[in-house]
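Here is a short briefing on one protein chain. Keep the sequence and the 3D view open while reading.

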Amino acid sequence: MMQDKQLTVGLAVTGSFCTFAKIKEVTKQLAEENIRIIPIYSLHVQKMDTRFGTAEEFRADLEKITGEKGIDTIQQAEPIGPNGYLDALIIAPCTGNTLAKLCAGITDTPVLMAAKAHLRNEKPLIISISTNDALGMNFKNIGMLMNMKHIYFVPFGQDNYKKKTNSMIAHTDLIHDTLTQALQGKQIQPVIMGPQ
């Protein structure tokens, strides 16, 4: 990605813990391109330990990769709007819960406040979904968000169509390409891809 100035990108992380290893890899790739990455953590990401690791370990890893402490309160996220310092904001992973709240305009977590504040500046908001109900309760929300200005989706597909028929997950290896296109005001295609 060739840029005249260093890009500053927010990386907002929500609680699809099974994707965290992939998210760390993507973050490393972006950081290697001299992109300044500011982590933003949902409340669950800050506190929940899971079989995929502890919250403290994950945050320490991300902050080591990015060199940034990150944002973990609504109050810290709000100035993203008036200060306008992000060139793009990526929600990766974006759970169904966050997807639904974003669609409804709810801002009760640092990630959602960051998204609302960032969209005020009419700059790209990139969604990397990871949800078990993408083809169920959240199907309508995906459709509505796809039709909103300045919102772009990382291409996604069913991750286990035999056992979890409604589940879809983004192809995280395409976050970089999605970002490149979104900065030009374009949605990367195709959006719907084959199974992971």
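In which helix is Thr 66 found? Thr 66 is found in helix H3, residues 55–66. Helices (H or I, at least four residues) and strands (E, at least two) are DSSP runs, numbered from the N terminus.

This is a predicted model: local features need pLDDT of at least 70, side-chain atom pairs count only at pLDDT 80 or more, and totals for chains, interfaces and linings use all residues. Residues are numbered from 1 along each chain as its sequence is written, and side-chain values use heavy atoms, with hydrogens and water left out.

**Overall build**

- The chain has nine helices and seven strands.
- Its radius of gyration is 15 Å, close to the 16 Å that the globule rule gives for 196 residues, so the chain is as compact as a globular protein of that length. The radius is taken over C-alpha atoms, and the rule is 2.2 Å times the number of residues to the power 0.38.
- Along the principal axes, the C-alpha atoms fill a box of roughly 45 × 35 × 30 Å.
- Buried residues make up 49% of the 196 residues. Buried means under 20% relative accessible area, exposed over 50%, and partly exposed in between (1.4 Å probe, protein chains only).
- The chain exposes about 9,600 Å², and carbon and sulfur atoms supply 51% of that area. Accessible areas come from the Shrake-Rupley method with a 1.4 Å probe; for residues, only the protein chains shown count as cover.
- Take the contacts between residues at least 6 apart in sequence: 77% of them join residues at least 24 apart. Contact means heavy atoms within 4.5 Å.

- Thr 66 is buried, with a relative accessible area of 15%.
- Its side chain reaches the backbone nitrogen of Glu 68 at 3.1 Å.
- Leaving out residues up to four places away in sequence, Thr 66 touches Thr 27, Ile 37 and Pro 39.

- The largest nonpolar core has 56 residues. Such a core is a set of buried Ala, Val, Leu, Ile, Met, Phe, Trp, Tyr and Cys residues joined through side-chain atoms within 4.5 Å.
- Ile 127, Ile 129 and Phe 153 have the most contacts inside this core.
- Beyond four places in sequence, the residues that Ile 127 touches include Ile 91, Cys 94, Leu 99, Leu 145 and Phe 153.
- In helix H7 (residues 110–119), eight of the ten residues are buried, so the helix is largely enclosed by the rest of the structure. Among them are Pro 110, Leu 112, Met 113 and His 118.

**Salt bridges**

- The structure holds eight salt bridges. Each is a side-chain nitrogen of Lys or Arg within 4 Å of a carboxyl oxygen of Asp or Glu.
- Asp 87 pairs with Lys 5, with the closest N and O atoms 2.9 Å apart. This pair links distant parts of the chain, 82 residues apart. Asp 87 sits in the loop between helix H5 (80–83) and strand S3 (88–94), and Lys 5 in the segment before strand S1 (8–13).
- Asp 87 is buried, at 16% relative accessible area.
- Glu 25 and Lys 28 meet in a salt bridge at 3.4 Å, N to O. They are three residues apart in helix H1 (residues 20–32), so about one helical turn separates them. Glu 25 is partly exposed at 41%, and Lys 28 is partly exposed at 36%.
- Glu 63 bridges to Arg 59, with the closest N and O atoms 3.9 Å apart. These two are four residues apart in H3, so they too are separated by about one helical turn.
- Glu 63 is partly exposed at 22%, whereas Arg 59 is buried at 16%.
- Arg 59, Glu 63 and Asp 72 are linked in a network of salt bridges.

**Backbone exceptions**

- Most residues other than glycine have a negative phi, and most peptide bonds are trans.
- The Ala 92 to Pro 93 peptide bond is cis, with omega near -5°. Pro 93 is found in strand S3.
- The Gln 189 to Pro 190 bond is cis, with omega near -10°. Pro 190 lies in the segment after helix H9 (175–182).
- Asn 34 has a positive phi, near 65°. Asn 34 is in the loop between H1 and strand S2 (36–41), and is exposed at 52%.
- His 150 has a positive phi of about 70°. His 150 is in the loop between helix H8 (139–146) and strand S5 (151–153), and is partly exposed at 25%.

Terms used: Polar contact = N/O pair within 3.5 Å; in protein donor to acceptor, adjacent residues only side chain to side chain.
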